[in-house]
Amino acid sequence: MPLTPPRRPRLKVHTRQITVAGYRRDDGMLELDACLRDTKEVDYVLASGVRRAGDPVHEMHIRVTLDASFVIVDVEACSERVPYEGSCDTIAPAYRQLIGLSLVRGFRRTVAEMFADVRGCSHLTELLLSLPTAAVQTAATFRRDNEDSGEKPFQLDRCHALETSGDAVRKYYPKWYRQPAKP
């Protein structure tokens, strides 16, 4: 169901785009290339100068390489467009600290702690938060979602729709369905 129409007239002034492309390398590893881009619909006056309408205020990129268990084995970050050149664009090497972390076990909480405040770039850090689900979707491309491997499918009990006591699990994953707890 789409959003309802706006109740009041409005002027679009800002667009944030986050894109994540998932790849499988020839050595079996997965890579995620992510980009965060902010643009304004109007000329934007910054302390560092005017950013013209449509020109990116922020354009940050991160590439994360993952092994088969979603552990980060390599990271590259860069800030292509920033409001404060020579400052914003110097933090990217700090993101190499992600090497060795699991992208699917406590990643968002760990990232928030590691790069809070001045220890990171708020935009690069926000971009990282979209990577866990993108990694799972990338890996899922090569698996049947209800393949019976004998182990509980990864996606069950990780979102509202796939709670093991819900209708979707009863219908599509009957082996893993459990009766709802009685109140």
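This is a predicted model: local features need pLDDT of at least 70, side-chain atom pairs count only at pLDDT 80 or more; totals for chains, interfaces and linings use all residues.

Residues are numbered from 1 along each chain as its sequence is written, and side-chain values use heavy atoms, with hydrogens and water left out.

**Exercise 1. Find out how helix H3 (residues 131-140) sits in the structure.**

Solution. Start with the term: buried means under 20% relative accessible area, exposed over 50%, and partly exposed in between, using a 1.4 Å probe and protein chains only. Helices (H or I, at least four residues) and strands (E, at least two) are DSSP runs, numbered from the N terminus. Next, count: 7 of the 10 residues of H3 are buried, so the helix is largely enclosed by the rest of the structure. Among these buried residues are Leu131, Pro132, Ala135 and Val136. Finally, look at the cover, where contact means heavy atoms within 4.5 Å. It includes strands S1 (14-24), S2 and S5 (56-66), together with helices H1 (107-114) and H2 (122-128).

**Exercise 2. Which residues touch the most other members of the largest nonpolar core?**

Solution. A nonpolar core is a set of buried Ala, Val, Leu, Ile, Met, Phe, Trp, Tyr and Cys residues joined through side-chain atoms within 4.5 Å. The largest one has 31 residues, and Leu66, Tyr95, Leu98 and Leu103 touch the most other members. Two or more residues come from each of S2, S5, S6, H1, H2 and H3. Now zoom in on Leu66: leaving aside residues up to four places away in sequence, its contacts include Met29, Val73, Leu103 and Ala135.

**Exercise 3. Describe the aromatic pair in the structure.**

Solution. Rings of Phe, Tyr and Trp (its six-membered ring) pair if their centres lie within 6.5 Å; planes under 30 degrees apart count as stacked, over 60 as edge-to-face and the rest as tilted. The whole structure holds 1 such pair. The ring centres of Tyr95 and Phe115 are 4.1 Å apart and the planes are at 20°, so the pair is stacked. It links distant parts of the chain, 20 residues apart: Tyr95 is in the loop between S6 and H1, and Phe115 in the loop between H1 and H2. Check the burial too: Tyr95 is buried at 0% relative accessible area, and Phe115 is buried at 3%.

**Exercise 4. How many salt bridges are there in the whole structure?**

Solution. The criterion is a side-chain nitrogen of Lys or Arg within 4 Å of a carboxyl oxygen of Asp or Glu. The search gives 11 salt bridges. Consider one of them, Arg96 with Asp74, at 2.5 Å from N to O. Arg96 lies in the loop between strand S6 (72-81) and H1, and Asp74 in S6, so the pair ties together parts that are 22 residues apart in sequence. Compare with Asp167 and Arg170, whose closest N and O atoms are 3.1 Å apart. Both of these residues lie in helix H4 (residues 167-172), 3 residues apart, about one turn of the helix. Asp167 is exposed at 56% relative accessibility, while Arg170 is partly exposed at 44%. Last, Arg16, Asp38 and Glu126 are linked in a network of salt bridges.
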